[in-house]
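Subject: Structure handover

Hello,

Here is the structure I promised you. Please open it next to this email and follow along.

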Amino acid sequence: MLRIYQAGIDGGDATFETAVPTWSEFDAARLAEHRFVAVEDGAVLGWIVASPTSSRCVYAGVVEVSVYVDPAAQGRGVGRRLLEHFIASTEAAGVWTLQAGVFPENVASLRLHAAVGFREVGVHERLGRAVDGRWRDVVLLERRSSVVG
């Protein structure tokens, strides 16, 4: 998983992060019950995780989703299968809203999220600086459950 995360960092359009966290840091910031990996012939092709959006109980049904696919496996439906499984898992657990933040240049990720029901709700302009110092916008996406709520 961390190798694929590093590939996302190296690609420049997946995250503001500049270094892969340790496993304990990664683990502590994500919800244990909604983590999945796609594996083929023993190799991890991609992964998906949920992070809480708030510690307030009123937002218990709202999580942020992160999905990463190995560059060698992109375009093979790995991300879509991960998201579809993730949606089923989170809805079964009572989650009513999934949120994601995607750089506008990451067209493949925007299309992927749209294909499984996410919609654009806005853009955070100049939200943060990239490794190279330039300001980056982030497209805000959400998917509301038709099952929960």
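Which strand supplies the largest share of the lining of the largest pocket? It is strand 3, with six residues. Keep in mind that this is a predicted model.

**The overall fold**

Start with the parts list. The protein has four helices and six strands. Along the sequence they follow the pattern α-α-β-β-β-α-β-α-β-β. The C-alpha trace spans about 40 × 40 × 30 Å along its principal axes. A compact globule of 149 residues would have a radius of gyration near 15 Å, and the protein agrees because its own value is 15 Å.

Strands of a sheet pair through backbone hydrogen bonds, and the pairing can be parallel or antiparallel. You can see both kinds in this model:

- Strand 1 and strand 2 are antiparallel, with seven bridges. Ala38 stands opposite Gly46 in strand 2. The two strands form a hairpin with two residues between them. In that turn, Asp41 has a positive phi of about 50 degrees.
- Strand 3 and strand 4 run parallel, joined by three bridges. Glu64 has Gln99 of strand 4 as its bridge partner.

**Helices on the sheet**

**The pocket**

Back to the largest pocket. How much space lies in it? About 1200 Å³.

Its lining has 47 residues. Those nearest the centre are Ala14, Val67, Tyr68, Asn106 and Ser109. By class, 24 lining residues are nonpolar, 14 are polar and nine are charged.

Several elements each give at least two residues to the lining. Among them are helix 1 (2-11), helix 3 (78-92) and helix 4 (107-115). Strand 2 (43-52), strand 3 (62-69) and strand 4 (97-102) are also on that list.

Best wishes

How values were computed. Residues are numbered from 1 along each chain as its sequence is written. This is a predicted model: local features need pLDDT of at least 70, side-chain atom pairs count only at pLDDT 80 or more; totals for chains, interfaces and linings use all residues. Side-chain values use heavy atoms; hydrogens and water are left out. On a 1 Å grid over the protein atoms alone, a cavity is a set of points where a 1.4 Å probe fits but cannot get out, and a pocket is an open set with protein on both sides within 12 Å along at least five of seven lines; lining residues have an atom within 4 Å of a point. Grid points are joined across faces, edges and corners, and a volume is the space filled by probe spheres set on the points. Ala, Val, Leu, Ile, Met, Phe, Trp, Tyr, Cys and Pro count as nonpolar, Asp, Glu, Lys and Arg as charged, and the others, Gly among them, as polar. Two strands pair if DSSP finds at least two bridges between them. The radius of gyration is taken over C-alpha atoms; the globule rule is 2.2 Å times the number of residues to the power 0.38.
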